[in-house]
Amino acid sequence: MLDEAAADVFARAAVDAVRRTGRFSVALAGGSTPKGLYSRLATDVRCRNLVPWSEIDFFWGDERHVPPGDPQSNYRMANETMLSKVPAQPERVHRVQSEHADAALVAEWYEADISASIASRAGTPCFDLIVLGIGVDGHTASLFPGTAALAEGNRLVVANWVEMLSAHRITMTFPLINAARLVIFLAAGEEKADVLRRILEPKGPARNLPAQLVRPIDGEVLWLLDGAAASLLNASLITGT
Ligand code: 6PG
């Protein structure tokens, strides 16, 4: 159900953008939740035939600082589940060059690619769609609690040192995410229920939950949750079955 709903939103956003502008720009999420969405887009005949694959510019909301063939790579996951199975244009798959040792340089290159490829709105590149996941600690993309990237107010992409991972992550920042037309959060499973309640039904100022700072300036946020992830939410918040 979650994958079906997400695929429907993705396909409609893509068709609409291509109808309006001739192209569709999307930033994919990493982790495990989006695998079902990507696989459905690539294999469900209805979705596959609806999506204007050759007009899409694919980016990633974040990437691990590993080579593209690494099991940890978000690029590898999206390529295996979707991109290798659809007629995407190779030159429009904007992979983060995360095999390079200098994470700060990788972030600069990626930011330059975004600025050169995505039309700006009010001075910031404006993605048609950004797909995000959420961690149980409230992180999204690679914007983890207590990390420097949370305070970044100018750069579009940074190399964010994540102490608990002892690794850099290349991540889009809030200025870029909040410039998008549409942001969808995908969350599934009981383990996400508590953080979703704290974000969507805060009883007082929920602290240090980065996903709460995703507030598109001139765009929409959709939370696409399965029943288990939504299980602690007040029924009035939930639309759709
Ligand atoms: C990543 C993602 C990250 C992910 C969350 C949820 O690179 O891992 O960008 O933000 O979306 O950690 O991950 P799951 O979908 O695996 O729960």
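This briefing covers the ligand and the pocket around it. The model is predicted, so local features need pLDDT of at least 70, side-chain atom pairs count only at pLDDT 80 or more, and totals for chains, interfaces and linings use all residues. Residues are numbered from 1 along each chain as its sequence is written, and side-chain values use heavy atoms, with hydrogens and water left out.

**Around the ligand**

**Polar contacts (N or O pairs within 3.5 Å)**
- Ligand oxygen atoms sit 2.9 Å from a side-chain N or O of Asn-74 and 2.7 Å from one of His-139.
- On its own the ligand exposes 410 Å², and the protein buries 88% of that (Shrake-Rupley, 1.4 Å probe).

**The pocket**
- The ligand takes up the space of the second largest pocket (an open set of points on a 1 Å grid over the protein atoms alone, where a 1.4 Å probe fits, with protein on both sides within 12 Å along at least five of seven lines; lining residues have an atom within 4 Å of a point).
- This pocket holds about 390 Å³ of space.
- Its lining counts 26 residues, with Gly-30, Gly-31, Ile-134, Gly-135 and His-139 nearest the centre.

Terms used
Polar contact = N/O pair within 3.5 Å; in protein donor to acceptor, adjacent residues only side chain to side chain. Sits in = over half its atoms within 2 Å of the grid points. Points joined across faces, edges and corners; volume = space filled by probe spheres on them.
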